[in-house]
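Opening my notebook on this one.

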Amino acid sequence: MFEFFKDGLLQFLSYSGFGNCTWGHIIMICIGLVFIALGIIKEYEPLLLVPIGFGIIIGNIPFTDGLQVGVYENGAVLNYLYFGVVKGFYPPLIFLGIGAMTDFSALISNPKLILIGAAAQFGIFAAYITALLLGFSPMEAGAIGIIGGADGPTAIFISSKLAPSMMGAIAVSAYSYMALVPVIQPPIMRALTTPQERLIRMRPPRAVSHREKVLFPMMCILLTAFLVPTGLPLLGMLFFGNLLKESGVTKRLANTASGPLVDIVTILIGLTVGCSTQATNFLRPASVLIFVLGAFSFVIATASGVLFVKFFNLFLKGDNKINPLIGNAGVSAVPDAARVSLVEGQKYDRTNFLLMHAMGPNVAGVIGSAVAAGILLSFLY
Amino acid sequence: MKSIYKYIFTVVALFAVTATFGQSVHDLRLNEMMIKNVDNYADEYGRHVPWVEIFNTAYNTVNITGCYLTDDTTGLAAAGKKGGIIPSHWYRIPTDQKMYMPQRSFLIFYLDNSPLYGPYHTNFSPDSSSRTHYIALINANGKELLDLVEYPLDLRDTCCSFGYVLDGQRDAKAFKNGTRKSGELALLNEFTPNSSNETTAKESKQDELKRRDKYGIGMALISMAVVFTALIMIYIMLKIFNYVTRRATQKSKAQEQAATPAKAMASKAGEEDDTVDGPTCAAIGTALHLHFGSMHDEESEVITINMPSKHYSPWAQKELTMKKNPRR
C-alpha cells in the first residue's frame with residue numbers, strides 16, 4: 001500500500017512543474033516578474049509589459065511534453081492563439097487600431113517633419129550591417145535590425161517571416177526598449193544638441209481641414225504601397241484605420257478598431273509572444289546579442305533623427321527652424337518618444353511645448369518603419 | 001504657383017511611368033520546345049506530340065488570352081495595320097480561365113495541328129514539311145512579336161528539347177535587333193516541361209545576397225533611399241495639400257471681402273485687420289473669462305431644481321437588478 005502510494009506520488013511529481021524545473025525556467029520566470037514589476041510599479045508601457053511578463057511566466061511553467069499545453073505543441077490552446085503571431089495577422093490588426101487612434105494633423109500642417117521619420121530608420125539598417133558582421137545570416141540580421149524601428153507589431157511581423165526561431169527574443173527586446181524610451185533617449189538627445197538648439201521655438205502648426213485629413217490616408221496608401229507592396233498588410237491597415245477615424249461617418253468602426261479590437265489583439269499578442277520565450281528557445285547566447293543589437297539600433301535611430309534635424313536646420317531660416325529635441329521622435333514609439341521630446345524641451349524652457357511638433361516625426365516614424373519592413377521583406381523573404 | 005504645378009506634374013508623371021512599366025504579356029517567353037516527341041511528355045490524350053512551353057517571367061498574373069502562336073509570321077506587318085486581317089495560320093489562344101498565368105508559372109501548348117482537341121492544341125504542327133524553323137508568340141494586337149525562338153533544323157529529327165538556358169532570360173537589345181546573345185538559347189540536357197529549365201543546384205537568395213553584399217552596405221543604402229523616396233512622395237503630396245488649402249482660404253477671404261466692400265476698404269487701408277491668430281484669441285478668451293469670473297460678488301440666490309423624468313420602466317432595466325461591482 002505504501003509502495004503504491006509512493007509510486008503514485010513520484011509519478012505525479014514527475015508530471016508536475018517541480019519535477020521538470022530547470023534553472024532556465026526559474027531565470028525566465030524572474031524575467032517575467034521583472035517585466036510585470038516594471039509595468040505596474042514604474043508604469044513603463046504597462047499595456048504591453050504586463051501581458052508579456054505574464055506570458056513569460058505562463059510559457060516557462062515546466063511540464064512534460066505531449067500534454068498539449070505548451071505554445072509550441074500542436075492542438076494546445078496557446079498554440080492556436082499563437083497562430084496569429086506565426087502567420088502575422090495580429091500586427092496588421094494592431095496597425096488598424098494605431099491608424100484609428102493617430103492624428104496626422106501635425107504632419108499635414110508641417111510636411112518637412114516627415115523626413116525626420118525617414119532618417120530615424122537608419123537605426124534599422126545600421127543594426128542590420130552590425131548583425132551581419134557578427135555572423136548572423138541576412139534574414140536573421142534583417143529581423144534583428146527592425147528592433148530599431150521601435151515598433152513592436154512590425155518587429156513581430158518581420159521576425160515571424162524572416163527568423164521565426166528568434167521571434168520571442170526580438171519581440172521582447174523591441175517592447176523592452178520601447179518601454180525604456182524615456183530612459184534611453186534623453187542622454188543621446190542632450191549629448192547631440194547645444195543649449196541654444198534646445199531653446200528653438202517652432203512655428204505653431206496651422207489648422208488642418210477635414211478634407212485634408214480624409215485625403216491623407218488615401219493618398220498615402222497609394223504612394224507607399226505602389227513603391228513597397230510588401231508593406232501592404234501594415235500600411236494598408238494603418239491608413240484604413242486612419243480613414244475610419246477621419247471620415248467622420250464611421251465612428252462606430254473607428255471606436256471598435258481603436259478600442260476593443262486593439263485591446264483584444266494587444267492582450268493576445270502580448271501573452272503569446274511572452275509564452276513563446278520558453279527557456280530552451282530564449283536562453284541562448286544569440287538572445288543576448290539580439291538585446292545588445294536592439295539597444296544599438298535604438299541608439300543609432302535616435303541619434304540619426306537628432307542629427308538629421310541639425311543638418312536640416314542648416315537649410316532653414318527664422319521660425320522655420322526645427323528644434324532638434326524632436327529628432328528622437330522619428331522612431332515610431334508612439335507617443336512615448338514625442339512625450340520625451342516635450343519633457344526634455346521643458347527642462348530648458350518651461351513655456352516651449354514640443355509635443356504637437358514631435359507628433360509629426362513620431363507618426364512619420366510609424367509610416368517609415370512599415371516601409372522599411374516592406375523593403376526588408378522584398379530583399380530577404 | 002509654378003512650384004505647385006511642378007509637384008503635381010511629378011506625382012502624375014510617377015504614376016504614368018509606373019503604368020508604362022507595368023508587368024504584362026511582354027514578360028512572356030517561349031521557354032522550351034520539343035519538335036520531335038517520340039516517347040516524352042504526353043498530352044491529355046496520351047499522344048506524344050510536339051510542344052512548346054510558355055513562361056511568365058513577371059511577378060504578377062498575366063492573361064495570355066488573344067495572343068497568337070505560330071510558326072509563320074508572314075503577314076505580321078499587315079495584321080498590325082488598322083483593319084488588317086489576322087492570318088488564318090496563326091493560332092489564337094482562346095478565352096479560358098486557365099489562360100491567366102500566375103507569376104513565374106509555365107504553360108504547355110501542343111503543336112499538333114488539332115485545335116479541336118482543346119484550347120492547348122494549336123492549328124499548326126512543325127514537321128519536315130514546314131518552311132520555317134521557329135515558333136513565335138505574337139501580342140493580341142497582331143503587330144507585336146513577344147518572342148520568337150529559332151530552333152536548329154536537326155531538332156526535327158532528334159528527340160531533344162530546346163530553349164532558354166536560364167528561364168526566360170533574354171537580352172532585350174539583341175532581341176529588338178533580331179539577333180540573340182550567344183549561349184542564351186541551347187539544346188537542354190533534360191526535358192523540363194511545366195518546370196524550370198535550370199536543373200543544376202542554384203544559389204539561394206540569401207547566399208547570393210551574402211556574396212554580392214557581404215557587409216549589407218548596398219542593401220542599407222538602397223533601403224534608406226527607398227524609405228526617403230516613399231516619405232518624400234508623401235511630403236510632395238502634403239505640400240500640394242498646403243498650397244491648395246492656402247489658396248482656398250485666400251479665395252474665401254476675398255469673396256467675403258467682396259461681399260462687404262466697406263469692410264474690405266478699411267482692411268485695405270490697413271485700418272483694421274480681420275485676421276486674428278490662435279494665441280490672440282486664447283488671450284482674449286482668457287481675459288474675458290477672468291473678467292466675468294471675478295464679477296460674482298452678488299449671487300442671484302435663485303436655486304433651480306431639475307426633476308429628472310424617467311423615460312423607462314425600472315422593470316425593463318435589467319442592469320438595475322444586477323449586483324453592482326464594488327468601487328474603490
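Predicted model: local features only at pLDDT ≥ 70, side-chain atom pairs only at ≥ 80, totals over all residues.

**Domains of chain A**

I began with the domain assignment of chain A, which gives domain 1 as residues 1-62 and domain 2 as residues 88-380. I looked up the spacing next, and the C-alpha centres of domain 1 and domain 2 of chain A lie 33 Å apart.

How many residues of domain 1 of chain A are in contact with domain 2 of chain A? I get 21 residues of domain 1, in contact with 21 residues of domain 2. On the domain 1 side, the elements giving two or more residues are α3 (23-40) and α4 (46-59) of chain A. I find that α4(A) has the largest share of that side, with eleven residues. Sorting the domain 1 side by class, I noted twelve nonpolar, eight polar and one charged residues.

**A helix pair in chain A**

I picked helix α9 (residues 122-133) and helix α10 (residues 138-145) of chain A, whose axes come within 8 Å and cross at roughly 145 degrees. I wrote down the crossing of α9(A) past α10(A) as right-handed.

Then I listed who makes this contact. From α9(A) I have I124(A), F125(A), A127(A), Y128(A), A131(A) and L132(A). α10(A) brings P138(A), E140(A), A141(A), G142(A), I144(A) and G145(A). The class count for this helix contact is nine nonpolar, two polar and one charged residues.

**Where chain B meets chain A**

Moving to the chain contact, I find 27 residues from chain B and 35 residues from chain A. Which elements of chain B each supply at least two residues of the side that touches chain A? They are α4 (205-212) and α5 (217-259) of chain B. The largest share of that side comes from α5(B), with 20 residues. By class I noted 17 nonpolar, eight polar and two charged residues on the chain B side.

**The sheet in chain B**

Last stop, an open sheet of five strands in chain B. I read the strand order as β7-β2-β1-β10-β11, with antiparallel pairing. At the edges stand β7 (106-110) and β11 (185-187) of chain B; each has a single partner strand, so one side of each is left without a neighbour in the sheet. Neighbouring strands here are turned by 25 degrees against each other on average, direction ignored.

Is strand β1 (residues 28-34) of chain B buried or exposed? Seven of its seven residues are buried, so β1(B) is largely enclosed by the rest of the structure. I then checked its pairings. With strand β2 (residues 51-56) of chain B, β1(B) pairs in the antiparallel sense over six bridges. With β10(B), the antiparallel link of β1(B) has three bridges.

I followed M34(B) through both pairings. Its bridge partner in β2(B) is W51(B), and in β10(B) M34(B) stands opposite S161(B).

Strand β10 (residues 161-164) of chain B and β11(B) run antiparallel and are joined by three bridges. What is the bridge partner of F162(B) in β11(B)? I looked it up, and F162(B) is partnered by L187(B).

Notes: Residues numbered from 1 in each chain as written. Chains lettered and ligands numbered in written order. Contact = placed C-beta atoms within 7 Å. Helix = DSSP H or I, 4+ residues; strand = E, 2+ residues; numbered from the N terminus. Nonpolar A, V, L, I, M, F, W, Y, C, P; charged D, E, K, R; others polar. Axes fitted to C-alpha atoms, helices over the stretch in contact; angles between N-to-C directions. Left-handed = near helix turned anticlockwise from the far one by under 90°. Domains from an automatic or database assignment. Pairing = 2+ DSSP bridges. Buried ≥ 20, exposed ≤ 12 C-beta atoms within 10 Å, placed from the backbone.
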